[in-house]
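Subject: Structure handover

Hello,

Here is the structure we spoke about. Please look it over first; my notes follow below.

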Amino acid sequence: MNPYNTTSPVIFCIFNRPETTQRVFNEIAKAKPPELYVVADAARPQVQGEAELCQECRAIAEQVDWPCEVTLDYAEDNMGCKQRIYSGISNAFKQFEFAIILEDDCLPSSDFFRFVDTMRERYQDDQQVMQIAGTAFIRPLEPKEAYYRSAHPIIWGWATWRRAWEGFDLSMQTWPAVKQELEEKPLGKRKHNSRFLRYIEKAYQGKISSWAYPYVSHVLSKHGHCITPLYNLISNIGFGEGATHTTSSSNAHANQALDALPITILPSKSEKIDTARSGMQLNNGLFRKNFLQKRIYRLSKLLNCSYRPTPSRPKN
């Protein structure tokens with residue numbers, strides 16, 4: 001089967017990892033988006049050799065050999081992940097009404113682009129829908145539908161509209177009210193909900209430099225709907241050394257397998273947020289090995305065996 005050619009613009013966020021940048025770019029090239037907007041931060045002056053890595057990544061992103069309008073949004077000085085991605089996406093939405101956002105460690109399948117284009121057409125006039133995700137933290141063994149409406153976004157390979165990005169405030173002025181609401185009505189298990197709130201609270205207090213947590217808070221404050229697949233269409237290949245936040249290569253979500261999306265993308269059965277699946281998504285997204293799994297994992301490393309516990313998969 002020939003790769004699917006997307007009709008959506010792609011915003012490609014890169015920095016200093018040539019290997020993952022090349023792999024993700026290769027998949028973008030197969031999809032041949034009509035417009036490519038490259039967002040790149042500059043090297044940190046104190047990091048030896050980073051300037052060369054950043055330049056190598058920029059050269060990779062410029063390997064466009066299909067009909068495509070390319071915009072290069074390159075920082076001259078290092079801005080940091082939070083400001084660079086926020087400003088880059090904001091700049092891109094001055095140009096686009098809708099776009100796919102891929103960071104340099106989010107490896108898409110061909111089906112990801114088909115899923116996004118289909119959902120874009122299906123929900124472009126639904127003001128409740130603020131995001132289309134590509135990563136599945138819930139992967140049923142026998143799914144009866146292709147996706148659901150989640151209460152919170154996943155930002156490993158996603159897409160959105162200008163209308164949904166507008167009003168996004170990095171200072172998170174609405175977070176205290178959102179936090180109170182989630183304390184009263186938890187999204188998932190209380191222990192996972194508490195961890196989720198702690199992470200976002202740290203971003204609000206400036207203890208974590210992240211654009212992602214403010215974005216999650218933005219969607220939650222609007223009670224936005226996030227179209228989330230039950231088939232995994234993005235593999236995060238960036239866990240481990242060199243990552244900004246996803247530093248553990250043994251994480252349950254590292255390098256997840258990609259699923260084949262059915263030809264017919266069956267619609268969600270409801271136009272309301274699926275609270276049960278939203279909770280399961282949060283629980284699975286914050287999955288951690290239990291005591292026994294940690295012991296088995298340590299033993300497997302000693303024996304040079306492959307063992308990585310992952311969240312359980314429901315039947316449907």
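Start with helix H3, residues 81–92. H3 lies across S1, S2, S3, strand S4 (98–103) and strand S8 (158–161). H3 runs at about 155° to S2. Bear in mind that this is a predicted model.

H2 lies across strand S1 (10–14), strand S2 (35–40) and S3. The angle between H2 and S1 is about 160°.

**The sheet**

Those strands belong to an open sheet of eight, with mixed pairing. The order is S3-S2-S1-S4-S8-S6-S9-S7. Which strands stand at the edges? They are S3 (69–74) and S7 (147–150). Each has a single partner strand, so one side of each is left without a neighbour in the sheet. Neighbouring strands are turned by 25° against each other on average, direction ignored.

**Strand S9**

S9 covers residues 225–229. Its pairing with S7 is antiparallel, over four bridges. Serine 150 stands opposite cysteine 226 in S9. Tyrosine 147 has proline 229 of S9 as its bridge partner. On the other pairing, S6 (residues 129–133) and S9 run parallel, over three bridges. Here valine 129 is the bridge partner of histidine 225.

Is S9 enclosed or open to the outside? Five of its five residues are buried, so S9 is largely enclosed by the rest of the structure. Buried here means under 20% relative accessible area. His225, Ile227 and Pro229 point one way from S9. Cys226 and Thr228 point the other way.

**Glutamine 281**

This residue sits in helix H9, residues 275–285. Glutamine 281 counts as buried because its relative accessibility is 1%. What does its side chain meet? A polar atom of the glutamine 281 side chain lies 3.1 Å from the backbone oxygen of histidine 152. Beyond four places in sequence, glutamine 281 touches Phe137, Ile138, Tyr148, Ser150, His152, Ile154 and Thr228. Ser150 is the residue opposite cysteine 226, and Thr228 is one of the buried residues of S9.

**Lysine 30**

For contrast, look at helix H1 (residues 18–31), where lysine 30 lies. Lysine 30 is partly exposed, with a relative accessible area of 41%. Setting aside neighbours within four places in sequence, lysine 30 is in contact with Pro3, Tyr4 and Asn5. Lysine 30 and alanine 254 are 224 residues apart in sequence. In space they are 23 Å apart, C-alpha to C-alpha.

**The whole protein**

Overall, there are ten helices and ten strands. The C-alpha trace spans about 50 × 45 × 45 Å along its principal axes. The radius of gyration is 19 Å. A compact globule of 316 residues would have one near 20 Å, so the protein agrees with that.

Buried residues make up 53% of the 316. The accessible surface comes to about 15,300 Å². Carbon and sulfur atoms account for 49% of that surface. Take the contacts between residues at least 6 apart in sequence: 82% of them join residues at least 24 apart.

S7 pairs with it in the antiparallel sense, and S6 in the parallel sense.

Best wishes

Conventions: Residues are numbered from 1 along each chain as its sequence is written. This is a predicted model: local features need pLDDT of at least 70, side-chain atom pairs count only at pLDDT 80 or more; totals for chains, interfaces and linings use all residues. Side-chain values use heavy atoms; hydrogens and water are left out. Helices (H or I, at least four residues) and strands (E, at least two) are DSSP runs, numbered from the N terminus. Buried means under 20% relative accessible area, exposed over 50%, partly exposed in between (1.4 Å probe, protein chains only). A polar contact is a pair of N or O atoms within 3.5 Å; within protein, one must be able to donate a hydrogen and the other to accept it, and residues adjacent in sequence count only if both atoms are side-chain atoms. Contact means heavy atoms within 4.5 Å. Two strands pair if DSSP finds at least two bridges between them. Axes are lines fitted to C-alpha atoms, for helices over the stretch in contact, and angles run from 0 to 180 degrees between N-to-C directions. The radius of gyration is taken over C-alpha atoms; the globule rule is 2.2 Å times the number of residues to the power 0.38. Accessible areas come from the Shrake-Rupley method with a 1.4 Å probe; for residues, only the protein chains shown count as cover.
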